[in-house]
Structure formats: C-alpha cells, structure tokens
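The sequence and the structure are shown first.

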Amino acid sequence: MEWTKEQRYRQIKDASDEELLELKTRVSRCPWRQTFHIQPDTGLLNDPNGFSYYNGEYHLFYQWFPLGPVHGLKYWYHTKSKNLVHWENVGIGIEPKHYYDSHGAYSGSAIEHEGKLYLLYTGNARDENWIRHPYQCIAIMDETGKIEKLEEPVIHEVPKGYTEHFRDPKIWKEGDTFYAVIGAQREDETGCVVLYSSSDLLDWKCKGELQTALKTFGYMWECPDYFELQNKGVLIFSPQGLEPEKDCYQNIYQSGYIIGDKLDVNQLSMSHSFFQELDRGFDFYAPQTTVDSNGRRILVGWMGLPEIDYPTDKNGWAHCLTLPRELSVHNGKLIQKPVEELQTLRKQQHEVKDTVCGEKKMYDGFAGTAYEMVCEFENENAAAFGIEFRADNHEKTIIKYDAIEKKVILDRASSGEAVGESYGTIRKCAIDAQKIKFHMFVDTSSVEIFVNDGEEVFTSRIFPSRESKEIRFFAADGSASFQAVKWNYE
Ligand code: FRU
C-alpha cells in the first residue's frame, strides 16, 4: 500500500475505531511478534529516546508512528522497567500537537533536574512549502509520570552554517552546566555535531561545532551521544552517506563511535581514534545510552534501519529495540555485554560438550524460537566452524568462524522471508582467535550475537517460519571442539 502524506501525518485520534481494530487484528496475526524485545503494539518503532534512570525505574521511550509500518507523524511512546528486562507499556509520552512539533516529536534524550525528568527533543515542523523547521523542545515528567510540554521551544533557530537537518539533542551535566550535542548537516552537506550549553535547561547557548578529525564523513550525523567512560571521551553517532569499505559500512546507514581524550567543552575539541562501528549485523541504528544508579553505562539501539521494507510491514507493524547492553572500554574499543539482569529470563537449561569433525550435529534440547545460548568453540584444524539455527529443511541462519579468512560471518541468505537483500546477505568482521565464543539471544524474528565477550556484536532481524527451530553445530574441513549451554526463554 502506498501511503499519502495525508495518511502519514495523521494523529492517532484521527483514525477511526474500525481502522485501529483492523490494524490491531492484523498485528495480532503476525507470525513474527517478538517475545522478549520491546516492540510497538501497532505501527512503526524507530529510535530509542529519553533513556534514563529516574525515580527508581528505567524509562525508555521510542519513536512511534502508531497507524502503520511507515515513517509518519512521530510520537514518543513511553515504556518503563525496574530491571531492564520486563518493560511496562505506559502509553504515549509526547504527542506531536504544537506548532513546533506539528510534523513529529523527533528524537531526544532525558535528564533529571530538581526531582523531575526533563525530556529534550526535536520538534519537527514543516511549512506549507514542506520546508522543515527543526526546534529543540522540552517536556517535563513529574514523579507521578505526568508529562507536560513547554509552550515554546527552548532553541528556535538552526545556527548559521547548517541546514534544516539539525536534530536529536543528547543531554548531560558536568558540574553545574548542562550540555547537549545535536546532530547536524553543514551547508556544504557534510555531517557534524554542534554543542550547546545551559545552566537551567531553558536558556541554551550555541557553543559551536565539535572539532573532530572526521571533516567529510557522510552527509548527516544523526543521534549523537557523548559520554565519558573509564577516563575516555566517547562520541557515538549515526552517520548517513558512507560508502561500503571492505567489511564495513554495509548497511544503508551506520552507527559507531570515536573514542579518545575527554571532550574539551571550551575548545570544542576531542582528539580521537578512527570511527568504529558498534554492531556488525544487518539491523542496528540510532543507539542511545544512559547511566544508571550503579554507574553502569547502558546502550539500547533500534533494531532496524530507515528506508528498507520489512516482512512485518504487511502485518501492520515494524521494528523493535535491541536488548540493553552494558558498555566498557578495553584497548581503545567499546566492549558490549548483555546486561546481567537478562539472566532472570532463563528457564530450562541444556548443556552439551562435543567435537565436530567435517559434520553437522544436533542434540536433545537444542532447538527453539526464543532462547539464550552460549557456545564456546576451540578450533583444532577446521577451516570453518559454527552454528546453524532457526533451521529446518529449507531455512537456516548461520553464524560461523572462517579460520582461513579469520573472520566471523553471519549469513541470512536462507533465513526465511528476505529483507534488504540489495544490501547483501552476509556480514563479516575480522577476529584473530583460536577460541570463539558466541553468546546469542534468539527471539521469534531476531538474533543478537555477542562474540568473544562483547568484542563484537551482530544484531539482525530474521524472518523464518515458526517451524524452523533446529540448532546444528558444525565444523568443515577438520575438527573443532565446543561446549554449549542453552536456556529456553519460553
Ligand atoms: C533517526 C531519525 C532521527 C530523527 C528520527 C525521526 O532514525 O531520523 O534523526 O529524530 O529518526 O523519527
């Protein structure tokens, strides 16, 4: 179905009861609804927003167009959790109904101030000529969970030198001062980040553009996030417009980071190493981090990408969020681990220890559509070894180590219904190791694979049939030993 502008820029209240009922029924019949990931009841989810720990709970909002699987009028949808595992759907967080967010309450972040949670986000407005006017806006949530928007934006203008692509403020506090990085496009159509500061969250001053070594690196940087971890400065952002380079930048848009000295907020400078991708899979974008009461830096991403059709579109919904990951720094690199609270999802456990030699093997209890599995391989002399999962006679998804290329490879060529095939069906990344550990979280239509304790992560949607449940361990041209533990999640 082709969506007209009129259909896409409608508020939820403009939809009839019949339309909503039809949509809900269609979603409920979808074979690919997730079981332990945050997903929209209907319509399209994209970026995680306002991720924060406030008043004893984690709050996580997301970009939401309720009326169908397309990018239309965006709301902020609110979910919350006490443990990062079980999320409660709270309801609409921010409704786009003011002049300054007439065409969407776009992405932003949250910070606690004087006992309240301040949400700083981009109001996306378009005029009668469809010219975009971005405003940076504030909504305030109190302890009871009530959210109120300010009547006026706190930043009305795009500073000189930048285009209408100016959005996604990420806020933090240092001493008595609040700072926000905003994703921007220069007038010469290159991407960058601009820094603002404020003493009260209402009156903001543009400090200028953050100076990095990446002068021409894509045409727009979306969703920046700056934080400090283990004495390093980290700037995460999602650049658009990078060309594929060897195994890198294979998706339509990328997400990654630069890491180095802490940002000097007065010099606006940060010396840093090269841009590194956060995730090696097919579906990962626009992540956001927060820090919790234990001081953990936690990241959640959108498990999807813009401008790509997904098989669930016909069922009236699209996308989900990734599991929360705890970040740490090691050797100039961000290490990502699934938060340990996820272990509370573990049900029945199965274990196996064996050697595979030029063969594929299956074991009792090793099958399913929603589970966690840790598998450690030690190569003896195989050319490749790994796991086929969500498999049956016709379908399989493969994660493997190619010991000749020294690369981990995720292959979704036969994963079921195809998605984004024009961007390829395999993803690779170099790892030089004799032992390879795959820590996988498999849900009805996704897989997240943490490799060697979070050195790399492969996050992907897959759309197999419900019957594709098999798990097969294999080694090709030689042998590899392995031990695996699996926990059912249902
Ligand atoms: C990233 C993004 C953001 C924007 C939001 C709109 O996916 O394009 O830059 O704020 O989505 O939904």
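Is Glu417 buried, partly exposed or exposed? Glu417 is partly exposed, because its relative accessible area is 38%, a value between the limits of 20% and 50%. The model is predicted. The chain is divided into domain 1, residues 5-341, and domain 2, residues 346-488.

**Interface between the domains**

- The C-alpha centres of domain 1 and domain 2 are 30 Å apart, and 36 residues from domain 1 and 36 residues from domain 2 take part in the contact.
- About 3,200 Å² is buried between domain 1 and domain 2, and 56% of this area is on carbon and sulfur atoms.
- Trp32, Arg280 and Phe282 provide 25% of the area that domain 1 buries against domain 2, more than any other three residues.
- Between domain 1 and domain 2 there are 5 salt bridges, and 27 residue pairs are in polar contact across the interface.
- On the side of domain 1 that touches domain 2, strand E22 (residues 333-338) gives the most, with 6 residues.
- The residues on that side of domain 1 comprise 16 nonpolar, 10 polar and 10 charged.

**Salt bridges**

- Side chains of opposite charge can pair when their charged atoms come close.
- The whole structure contains 30 salt bridges.
- Lys333 and Glu456 form a salt bridge, with 2.7 Å between the closest N and O atoms.
- Glu417 forms a salt bridge with Lys314 at 2.7 Å, N to O. This pair links distant parts of the chain, 103 residues apart: Glu417 is in the loop between strands E27 and E28, and Lys314 is in the loop between strands E18 and E19.
- Lys314 counts as partly exposed because its relative accessibility is 47%.
- Arg186 and Glu209 form a salt bridge whose closest N and O atoms are 2.7 Å apart. Arg186 belongs to strand E10 and Glu209 to strand E12, 23 residues apart.
- Arg186 is buried, with a relative accessible area of 15%, and Glu209 is buried at 14%.
- In the salt bridge of Glu95 with Lys97, the closest N and O atoms are 3.8 Å apart. Glu95 is partly exposed at 28% relative accessibility, whereas Lys97 is exposed at 52%.
- A network of salt bridges links Lys360, Glu388, Lys396, Glu470 and Arg472.

**Selected buried residues**

- Asn46 is located in strand E1 (residues 43-54) and counts as buried because its relative accessibility is 6%.
- The side chain of Asn46 makes polar contacts with the side chain of Asp47 at 3.2 Å and with the side chain of Lys74 at 3.0 Å.
- Beyond four places away in sequence, the residues that Asn46 touches include Tyr62, His71 and Trp302.
- Thr459 is found in strand E31 (residues 456-461) and counts as buried at 0% relative accessibility.
- The side chain of Thr459 is in polar contact with the side chain of Arg325 at 2.5 Å.
- Among the residues that Thr459 touches, beyond four places away in sequence, are Phe282, Met303 and Val447.
- Gly478, in strand E32 (residues 470-488), is buried with a relative accessible area of 17%.
- The C-alpha atoms of Gly478 and Asn379 are separated by 8.8 Å, and these residues are 99 residues apart along the chain.
- Beyond four places away in sequence, Gly478 touches Val356, Cys357, Gly358, Asn381 and Ala382.

Methods. Residues numbered from 1 in each chain as written. Predicted model: local features only at pLDDT ≥ 70, side-chain atom pairs only at ≥ 80, totals over all residues. Heavy atoms only, no water. Helix = DSSP H or I, 4+ residues; strand = E, 2+ residues; numbered from the N terminus. Buried < 20%, exposed > 50% of the residue type's maximum accessible area, 1.4 Å probe, protein only. Polar contact = N/O pair within 3.5 Å; in protein donor to acceptor, adjacent residues only side chain to side chain. Contact = heavy atoms within 4.5 Å. Domains from an automatic or database assignment. Buried area = accessible area lost by both parts, 1.4 Å probe. Salt bridge = Lys/Arg side-chain N within 4 Å of Asp/Glu carboxyl O. Nonpolar A, V, L, I, M, F, W, Y, C, P; charged D, E, K, R; others polar.
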